[in-house]
Amino acid sequence: MEPLILTAAITGAETTRSDQPNLPITPEEQAKEAKACFEAGARVIHLHIREDDGSPSQRLERFQEAISAIRKAVPEIIIQISTGGAVGEAFEKRLAPLALKPEMGTLNAGTLNFGNDVFINHPADIIRLAEAFKEYGVVPEVEVYESGMIDSVARLIKKGIITHSPLHVQFVLGVPGGMSGKPKNLMYMIDHLHEEIPTATWAVAGIGKWHLPTSLIALVTGGHIRCGFEDNIFYHKGVIADSNAQLVARLARIAEEIGRPLATPEQARQIFALHK
């Protein structure tokens with residue numbers, strides 16, 4: 001198995017300080033958390049931004065502040081911006097931060113019910129977003145919430161709309177309204193991805209109670225893992241995690257126990273083909 005890449009989704013767009021008192025919100029807090037996560041074994045920071053009052057934002061100046069602070073604190077880490085924003089965010093605002101030309105960004109592959117809301121990704125907007133990734137030279141991580149989205153992505157590849165190779169796909173499992181993180185679901189998603197896009201690499205983000213089950217499967221099947229307060233605020237059931245780095249460190253420790261090495265920053269960039 002190739003080295004393990006751990007991604008830390010340190011803030012998200014939905015988690016609040018009332019849910020998780022240790023949530024990093026300001027650029028300074030995010031930079032401090034990014035450094036701690038890197039030292040614990042993370043190689044990617046999945047970045048949402050907030051205003052000082054904690055409200056989700058897609059403001060370019062705030063993204064730039066956060067990116068600059070993280071790069072200053074830990075220049076080796078890969079910054080992956082979110083183009084998802086908060087549910088209901090205007091598409092133009094979601095697309096705009098790609099102009100900052102981070103190394104990576106997320107490309108959501110379809111629409112789904114999201115709790116009590118609907119996370120809308122119109123097919124035409126997905127194409128516009130894919131073209132923007134190429135225009136700005138940003139490497140996409142394709143976010144997939146259920147199996148039909150794999151087929152949709154495969155069609156976009158065949159049409160030449162998504163061209164980066166090898167493509168990196170992340171299964172986001174356990175969102176209320178999306179596919180759950182049951183082991184049989186993840187195993188099916190892995191098989192389906194290999195059939196439709198054989199060259200793709202993959203990672204999993206298990207939401208809430210599905211964090212550890214999906215992570216353990218990824219560890220032993222060659223996948224990569226996302227963790228952090230965007231997806232899960234607990235260390236154990238009912239026990240709030242002290243930090244994102246605590247969640248990263250647990251996965252790094254388990255990986256060491258089973259003999260799967262953590263990727264170096266350079267190895268992570270090679271796996272994602274960031275140097276093309």
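**Close-up 1. Pro166 sits in the loop that runs between helix 5 (148–158) and strand 10 (168–173).** This is a predicted model, as are the other views here. Look at the peptide bond leading from Ser165 into Pro166: it is cis, and its omega is near -5°.

**Close-up 2. Phe114, Phe119 and Tyr145 form a cluster linked by ring pairs.** In total, the structure has three aromatic pairs. Take Phe114 with Phe119: the ring centres are 6.1 Å apart and the planes meet at 80°, so this pair is edge-to-face. The cut-off behind that label is an angle over 60 degrees between the planes. How much of each of these two Phe residues is left open? Phe119 has 5% relative accessibility, so it counts as buried. Phe114 comes out at 23% and therefore counts as partly exposed. The line for calling a residue buried is under 20% relative accessible area.

**Close-up 3. Lys182, Lys184, Lys209 and Lys237 make up a positive surface patch.** Zoom in on Lys237, one of the four members named. Where does Lys237 sit? Its place is the loop joining strand 13 (234–236) to strand 14 (239–240). With a relative accessibility of 87%, Lys237 counts as exposed.

**Close-up 4. His236 belongs to strand 13.** Its relative accessible area is 48%, so His236 is partly exposed; the exposed label would take over 50%.

**Close-up 5. Lys101 has a positive phi, near 55°, and is not a glycine.** You'll find Lys101 in the loop between helix 3 (91–95) and strand 6 (104–108). Is this residue buried or exposed? Lys101 counts as exposed, because its relative accessibility is 52%.

**Close-up 6. Ala273 is another non-glycine residue with a positive phi, at about 55°.** Follow the chain past helix 9 (265–271), and Ala273 turns up in the segment after it. Ala273 has a relative accessibility of 9%, so it counts as buried.

Technical notes:
Residues are numbered from 1 along each chain as its sequence is written. This is a predicted model: local features need pLDDT of at least 70, side-chain atom pairs count only at pLDDT 80 or more; totals for chains, interfaces and linings use all residues. Side-chain values use heavy atoms; hydrogens and water are left out. Patches are made of residues with over 30% relative accessible area and no salt bridge: like charges are joined within 9 Å, nonpolar side chains (Val, Leu, Ile, Met, Phe, Trp, Tyr) within 5 Å. Accessible areas come from the Shrake-Rupley method with a 1.4 Å probe; for residues, only the protein chains shown count as cover. A salt bridge is a side-chain nitrogen of Lys or Arg within 4 Å of a carboxyl oxygen of Asp or Glu. Lys and Arg count as positive and Asp and Glu as negative; His and the chain ends are not counted. The place of a charge is taken as NZ of Lys, CZ of Arg, CG of Asp or CD of Glu. Helices (H or I, at least four residues) and strands (E, at least two) are DSSP runs, numbered from the N terminus. Buried means under 20% relative accessible area, exposed over 50%, partly exposed in between (1.4 Å probe, protein chains only). Rings of Phe, Tyr and Trp (its six-membered ring) pair if their centres lie within 6.5 Å; planes under 30 degrees apart count as stacked, over 60 as edge-to-face and the rest as tilted.
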